[in-house]
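Subject: Structure handover

Hello,

Here is the structure for your files. My notes follow below it.

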Amino acid sequence: MTPIKECLINRNTKINPIWLMRQAGRYLPEFRDIRKENPDFIKLCLNPDLSEEITLQPIKRFDFDAAIIFSDILMVPYGMGQTVEFKKNLGPNLGSLEITELQKITENSFKKNLAPIYKLLSNLKDSKDLKDKDIIGFVGAPWTLLVYMLNKVSPKKGLPSDLLKDKIFIDELLNLLDKFIKIHIENQINAGATIIQIFDSWAGLIKKDFDRFLYNPTLSLVNHVKKLGVPVICFPRDISDYVQFSKIVKPSMVNIDYNIDAKSLVETLDIPIQGGLDPKFLLTEKETLKKETLKYLEIFKDHPYVFNLGHGILPETKVEMVYELIQIVRGYK
Ligand code: CP3
């Protein structure tokens with residue numbers, strides 16, 4: 001059994017497997033080298049040879065316990081026919097959205113648009129670098145994808161108040177997202193993904209209608225993954241009530257963000273937990289990193305716990321600090 005499944009399924013509290021969100025990314029010089037030669041991010045995600053190389057970069061360097069495929073949550077809107085571009089220093093930029101156009105997308109054309117991702121997974125399945133490691137496939141949650149598809153850019157500065165006003169349109173979009181995200185999950189599992197993580201990066205922006213935007217859509221995906229026999233990790237970033245979320249949605253494991261009081265959570269939440277450490281601590285000194293990392297390891301010492309961060313690793317992180325973090329986690333007894 002892989003270390004993460006040992007923790008997730010057997011609830012072994014003696015090991016703390018480790019991987020990091022965004023472990024395949026810009027803090028790695030070897031990623032930046034490839035990126036320099038490949039200015040079109042979407043094309044890079046659809047190049048199975050290069051995306052395999054990028055997926056394996058952090059594994060070769062750090063021997064993490066899981067690989068997460070090099071891809072993006074916005075590949076689902078792309079597969080549904082919305083244009084997606086990444087502009088330097090601006091983040092994602094999505095094109096216009098016509099519901100009548102989206103309704104014409106068939107399962108076959110969606111699958112064809114994303115076929116290189118499934119090719120990447122089947123290549124990884126045979127990789128000798130991933131023996132005894134999980135291969136994490138992932139999707140964005142319907143809410144977070146809805147936000148990007150409607151807002152077209154990152155909602156860092158908040159959402160326009162009229163974004164959700166067309167109820168019929170929003171519900172139709174949520175329906176389509178449920179359908180295509182499930183197809184994407186199923187194809188990833190059939191191609192070799194051994195765990196699925198659901199990223200709801202903007203869940204913290206939901207202020208009302210939690211059933212409609214958070215609980216129902218996520219539960220629908222979680223049940224779908226479970227039916228396919230694979231564990232599912234949820235990351236509803238910045239929500240206020242992880243206990244309520246876990247009770248309703250029942251993921252195999254929940255990834256917490258860094259605003260959560262881990263100590264009080266561990267007393268009330270029975271399911272395996274992942275993550276928590278603020279990625280900014282990787283930008284400080286080794287002493288601070290050690291102190292903050294040990295806090296999480298101590299809090300979760302009798303709880304099934306997979307070490308990870310409370311959000312993605314920052315591009316300005318020094319590789320040396322990642323080695324340090326791994327040493328602290330693996331050296332903890
Ligand atoms: O974790 C990994 O290493 C696997 C790959 C991965 C990427 N994006 C590659 C990527 C994963 C799991 C994602 C998820 C993702 N993408 C999320 C959810 C997690 C989170 O961070 O909240 C979101 C919201 C996105 C959308 C997205 N993609 C944004 C907002 C951006 C631009 C901002 C940024 O962080 O760069 C991206 C681009 C992106 N996705 C990059 C990478 C490596 C950087 C691309 C570059 O080189 O410019």
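What span should the 13 residues of helix 15 (residues 319-331) have at 1.5 Å a residue? They should span 18 Å, and the end C-alpha atoms are 18 Å apart, so the two agree. The expected span is 1.5 Å times one less than the number of residues.

Some ground rules. This is a predicted model, in which local features need pLDDT of at least 70 and side-chain atom pairs pLDDT 80 or more, while totals for chains, interfaces and linings use all residues. Numbering runs from 1 along each chain as its sequence is written, and side-chain values use heavy atoms, without hydrogens and water.

Helix 15 first. Its buried residues are V319, M321, V322, E324, L325, I326, I328 and V329. Buried means under 20% relative accessible area with a 1.4 Å probe, protein chains only. These residues pack against helix 2 (29-37), helix 4 (48-62) and helix 14 (286-299).

Now the whole chain. It has 15 helices and 9 strands. These are DSSP runs, numbered from the N terminus: helices are H or I with at least four residues, strands E with at least two. Of the 333 residues, 57% count as buried. The C-alpha trace spans about 55 × 45 × 40 Å along its principal axes.

Last, contacts (heavy atoms within 4.5 Å). Among those with a separation of 6 or more, 73% come from residues 24 or more positions apart.

Best wishes

Conventions:
Buried < 20%, exposed > 50% of the residue type's maximum accessible area, 1.4 Å probe, protein only.
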